[in-house]
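Have a look at the fold first, then read on.

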Amino acid sequence: MASPVKFSIRLKLLLMMLVVVTAVVSIITFKIVSLFQKDKTIYLFDLTAVTALHLAEEANSILLNYDERLQVFAQSLLSEQIPESGKEDYIKELLEHFDGFIAISLYNGKGQEEVSLLDEAQSGAAGLARQDLTAYRLEHPIPFDHLTPGTPYLQHSTLLKTLPSFTLVRTVRDEAHDETFFVVAEIQLKKLLGLSGKSKVFETFLVDEAGTIISSSRMTSDEEGLDFQEDVSAIPVVKAFMTGKTFAETLEYEINGDAYLGAYARIEYGGF
């Protein structure tokens with residue numbers, strides 16, 4: 001008859017210690033992996049938020065600069081100190097010196113155009129004619145009735161795909177004659193596109209309050225047939241921007257089963 005296998009107390013202790021050490025190491029490894037995953041998630045959230053905030057700050061500076069120059073145009077167009085005979089030439093000189101400005105127009109309080117001037121160098125090089133601008137304005141009228149003093153109006157308005165641009169409008173008051181005017185500028189998108197193309201990791205875009213793209217990293221690609229006025233209001237991160245009250249937010253969401261991480265940051269200028 002076979003005798004039962006016997007284990008010494010020392011062996012039993014060694015086996016017990018091995019089990020305990022294995023369990024402890026497994027728990028520590030699991031904790032480290034969990035902490036690493038958590039740290040990585042926090043890092044990605046922080047990186048996304050910082051990218052959005054940084055681009056918003058730069059875009060705000062660019063738009064403020066354009067707005068200051070637009071006010072110079074407004075003052076010059078309404079100034080009584082500049083002779084009418086030399087005003088057109090003076091405005092054309094401003095167009096030449098103010099980088100990015102393609103055209104400047106002045107509309108009265110009824111939305112009727114009184115002055116419209118093009119930067120001949122830029123428009124000529126791109127093949128843009130005055131009638132192209134006039135035709136675009138007829139097809140895409142500016143909602144003058146809904147504009148309020150002190151609040152800028154901005155929309156994407158590329159006239160030619162070779163010359164991506166946006167429209168910037170300011171309501172101004174001529175206190176001397178108690179009249180309201182609208183100064184409208186057509187400005188190249190190149191600086192805002194430069195911001196959109198900076199990140200190699202994220203797709204970035206600037207949208208208006210309706211969720212319509214003004215500037216996007218997609219525009220910097222060589223893809224043909226891009227819709228420069230793409231409506232992205234259905235994207236969850238854009239919805240959050242349109243309905244949220246916070247200055248910035250980061251969120252996870254899904255589109256067609258694919259997981260995304262996105263963030264938005266508001267631009268102080270115009271609330272974009």
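## Pockets and cores

The second largest pocket has 16 lining residues, and Leu-77, Glu-84, Lys-87, Leu-106 and Val-115 lie nearest its centre. A pocket here is an open set of points on a 1 Å grid over the protein atoms alone, where a 1.4 Å probe fits, with protein on both sides within 12 Å along at least five of seven lines; lining residues have an atom within 4 Å of a point. This is a predicted model, in which local features need pLDDT of at least 70 and side-chain atom pairs count only at pLDDT 80 or more, while totals for chains, interfaces and linings use all residues. Residues are numbered from 1 along each chain as its sequence is written, and side-chain values use heavy atoms, leaving out hydrogens and water.

In the second largest pocket, α2 (84-97) gives the most to the lining, with four residues. Closest to the centre of the largest pocket are Glu-203, Thr-204, Phe-205, Val-237 and Ala-263, out of 32 lining residues.

Now for the packed interior. A nonpolar core is a set of buried Ala, Val, Leu, Ile, Met, Phe, Trp, Tyr and Cys residues joined through side-chain atoms within 4.5 Å, where buried means under 20% relative accessible area (1.4 Å probe, protein chains only). The largest nonpolar core has 36 residues, and Phe-73 is among those that touch the most other members. To this core α1 gives the most, with eleven residues.

Key:
Helix = DSSP H or I, 4+ residues; strand = E, 2+ residues; numbered from the N terminus. Buried < 20%, exposed > 50% of the residue type's maximum accessible area, 1.4 Å probe, protein only.
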